Amino acid sequence: AITAVERRIAEMAPSQTAVRGLFTGGTFCYEAQLAFIARGLACRSNAPAAGAGSFDGRFDGHVFLDLGDDDYTRGRPHPMIDPTQRDALVRAQGADAQTAVILFDVVLGFGSHDNPAQSLALALADAQRDASAQGRTLALIGHVCGTDDDPQDKASQMRQLQAVGAVIAGSNVEAAWLAAHVAAAQAARRR
């Protein structure tokens with residue numbers, strides 16, 4: 001996984017300094033913040049961990065969103081059931097010249113979308129295409145939480161995401177550490 005991430009870093013523009021974590025699972029959002037805080041990287045969230053700042057609606061710097069929070073689910077289904085809102089945010093963040101990494105989770109099981117990777121893979125491919133048109137490349141890093149015995153089949157979900165160039169880590173913490181590695185490398189390039 002680190003080799004694939006290193007290749008992406010080498011292709012990034014100096015302006016790409018931000019990690020945008022778009023999570024359907026609140027615990028995964030929290031874990032990612034802790035990984036960044038442990039590396040001394042400032043981050044903001046709509047559900048901030050101790051040491052993280054509060055998200056004020058501006059996408060500036062490292063932002064981690066719990067899209068299952070009430071602010072995003074009031075009057076609409078949870079993103080584990082209907083990923084439309086996250087897919088739109090993936091596309092929007094891919095178009096942002098600051099974005100270096102789109103960090104994500106996919107949660108499988110009963111009560112989740114029957115094929116969550118399908119629309120996410122399309123959104124990630126669109127984000128990468130938009131970035132490429134602007135002379136940038138994105139690191140797409142995520143984690144699939146589930147098993148091959150889940151109705152969605154973990155291996156199938158991972159293949160769909162990997163087919164569009166996403167690096168799928170073995171755990172959410174590993175995914176967050178990979179994203180933090182990119183953030184630190186991009187910050188060092190700017191010095």
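**Labels and the values behind them**

Analyst: The model is predicted. In its largest nonpolar core, which has 29 residues, the members touching the most others are Val 19, Phe 36, Phe 64, Val 101, Leu 103, Ile 141 and Val 182. Elements giving two or more residues to this core include helix H1 (2-11), strand S1 (18-23), helix H2 (26-38) and helix H7 (172-190). H7 gives the largest share, seven residues.

User: Which residues does Val 182 touch, leaving out those up to four places away in sequence?

Analyst: Val 182 touches Val 5, Ile 9, Met 12, Ala 100, Val 101, Ala 139 and Ile 141. There is also a second, separate core of 25 residues, with Val 63, Phe 104, Leu 124 and Leu 161 among them.

User: Why is Gln 157 called buried?

Analyst: The cut-off for buried is under 20% relative accessible area. Gln 157 has 1%, so Gln 157 counts as buried. Gln 157 sits in helix H6 (residues 154-162). Its contacts include Val 106, Leu 108, Pro 116 and Val 144.

User: What makes the pair of Gln 152 and Gln 157 a polar contact?

Analyst: The distance limit is 3.5 Å between N or O atoms. A polar atom of the Gln 157 side chain lies 3.4 Å from the backbone oxygen of Gln 152. That distance is within the limit.

User: How do you know that Asp 96 and Arg 20 form a salt bridge?

Analyst: The N to O distance is 3.1 Å, and the cut-off is 4 Å. The pair therefore qualifies. Asp 96 lies in the loop between helix H4 (84-94) and S5, and Arg 20 lies in strand S1, so the bridge ties together parts 76 residues apart in sequence. Both Asp 96 and Arg 20 are buried.

User: Are Asp 105 and Arg 86 buried or exposed, and why?

Analyst: Buried means under 20%. Asp 105 has a relative accessible area of 0%, so Asp 105 is buried. Arg 86 is at 4%, so Arg 86 is buried as well. Their closest N and O atoms are 3.0 Å apart, in a salt bridge. This pair links strand S5, which holds Asp 105, with helix H4, which holds Arg 86.

Terms used
Residues numbered from 1 in each chain as written. Predicted model: local features only at pLDDT ≥ 70, side-chain atom pairs only at ≥ 80, totals over all residues. Heavy atoms only, no water. Core = buried A, V, L, I, M, F, W, Y, C linked by side-chain atoms within 4.5 Å. Buried < 20%, exposed > 50% of the residue type's maximum accessible area, 1.4 Å probe, protein only. Helix = DSSP H or I, 4+ residues; strand = E, 2+ residues; numbered from the N terminus. Contact = heavy atoms within 4.5 Å. Polar contact = N/O pair within 3.5 Å; in protein donor to acceptor, adjacent residues only side chain to side chain. Salt bridge = Lys/Arg side-chain N within 4 Å of Asp/Glu carboxyl O.
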